[in-house]
Amino acid sequence: MATDRKAEVTWRGDLMSGNGRVDSVTSGAFGGLDVSWAARSEEPNGLTSPEELIAAAHAACFSMALSGGLAKEGHAPEELKTSATVTFQPGEGVTKIVIDVAGRVPGMDDAAFKQAAEQAKENCPVSKALAGVPEISLTARLQG
Amino acid sequence: MSRVQREANVTWEGNVARGSGSISGATGAFTNLPYSLATRIEKPDGKTSPEELLAAAHAACYAMSLAGELAAAGSAPDHVDVRAVVTLDQVEDGSHRIVASELLARARVTGINEADLQEVAEVASKGCTLSKLIEASAKVTVNAQLEGGS
């Protein structure tokens, strides 16, 4: 079954001096997020940006895929802590995404965890959608 | 212009079917947004998902690109409304794929007709980093309309 998720954005004025807002999304989970070119390409000053939203989408998708992969091997995680950092080069686009994950997974060794993380990086739907990013790297480790 | 980095953090607890996670942006613009598998692929019940975040990223990216292209064409907009709808679907092997992102833009702008607006809207998609990325594996469509006549 196909699932649709919608977002609505309003932009006022031109690119450089104008500003926009992510007004609403299907779920209602967030809304009223301001965006601007200055905040996107320089200091964010508390404002989100397309790249931060991509980072959030990717970290969330990766974490879910990894929990699924670990469970399949009989090692459901207690906790996964994931960060995604998206590098944006104005005029060029997204040039790099770095994913870092630390997991609490009973009964699993480091090498198997790294392998499962690599699989999740390759196969999660957002990774597939962003496969055109020149570099997507991953660091994975188990924590106490 | 120099490179910029944006970070987000996620905590996930438990297995995929019954576990849940929480999503935060490093800027603090959004924090602790809950998500789960059930609300990702069925009814959202107020919870966001990777695809919804991607839709928000695409709409925001495209709105900036369109505002820039309209200004470059000599018709800076009063405002532009952009809707992005991202579709996640199950493919033959049973896995889920993002198969489409549909953009609908409504622009309040003077000095441009609807046909020219559609042309600028296509150029704006080519200039939007997310359109380019998603297009490699999914369908990106762009429709543009004038708001309130020209």
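Before going on, a word about what you're looking at. This is a predicted model, in which local features need pLDDT of at least 70 and side-chain atom pairs count only at pLDDT 80 or more, while totals for chains, interfaces and linings use all residues. Residues are numbered from 1 along each chain as its sequence is written, and chains are lettered from A and ligands numbered from 1 in the order in which they are written.

Back to A:Gly28, then. You'll find A:Gly28 in the loop between β2 (19-25) and β3 (33-35) of chain A. (Helices, H or I with at least four residues, and strands, E with at least two, are DSSP runs numbered from the N terminus.) From A:Gly28 to A:Arg12 is 16 residues in sequence, and their C-alpha atoms sit 22 Å apart in space.

Two loop asparagines are worth a look too. A:Asn45 lies in the loop between α1 (37-41) and α2 of chain A, and has a positive phi of about 45 degrees although it is not a glycine. A:Asn45 is exposed, with 11 other C-beta atoms within 10 Å. Over in chain B, B:Asn32 sits in the loop between β2 (20-25) and β3 (33-35), and its phi is also positive, near 50 degrees. B:Asn32 is exposed, with 9 other C-beta atoms within 10 Å.

Now follow helix α3 of chain A, residues 110-123. Its 14 residues reach 20 Å from first C-alpha to last, close to the 20 Å expected at 1.5 Å a residue (the expected span is 1.5 Å times one less than the number of residues). Buried in this helix are A:Phe113, A:Ala116, A:Ala117, A:Ala120 and A:Lys121. Looking down the axis of α3(A), these buried residues fall within an arc of 145 degrees, so they line one face of the helix; the arc is that of the directions from the helix axis to the C-beta atoms. Why does that spacing work? An α-helix has 3.6 residues a turn, so residues three or four places apart point the same way. The buried residues of α3(A) pack against α2 (50-72), β5 (93-104), α4 (125-129) and β6 (135-142) of chain A.

Next, the core. B:Ala60 and B:Ala63 touch the most other members of the largest nonpolar core, which has 89 residues. Such a core is a set of buried Ala, Val, Leu, Ile, Met, Phe, Trp, Tyr and Cys residues joined through C-beta atoms within 7 Å. Helix α2 (residues 50-72) of chain B gives the most to this core, with 14 residues. Setting aside neighbours within four places in sequence, B:Ala60 is in contact with residues of chain A, including A:Val9, A:Val22 and A:Leu53. Contact here takes C-beta atoms, placed from the backbone, within 7 Å.

That leads to where the chains meet. The contact takes 74 residues from chain B and 75 residues from chain A. On the side of chain B that touches chain A, α2(B) gives the most, with 16 residues.

Notes
Buried ≥ 20, exposed ≤ 12 C-beta atoms within 10 Å, placed from the backbone. Contact = placed C-beta atoms within 7 Å.
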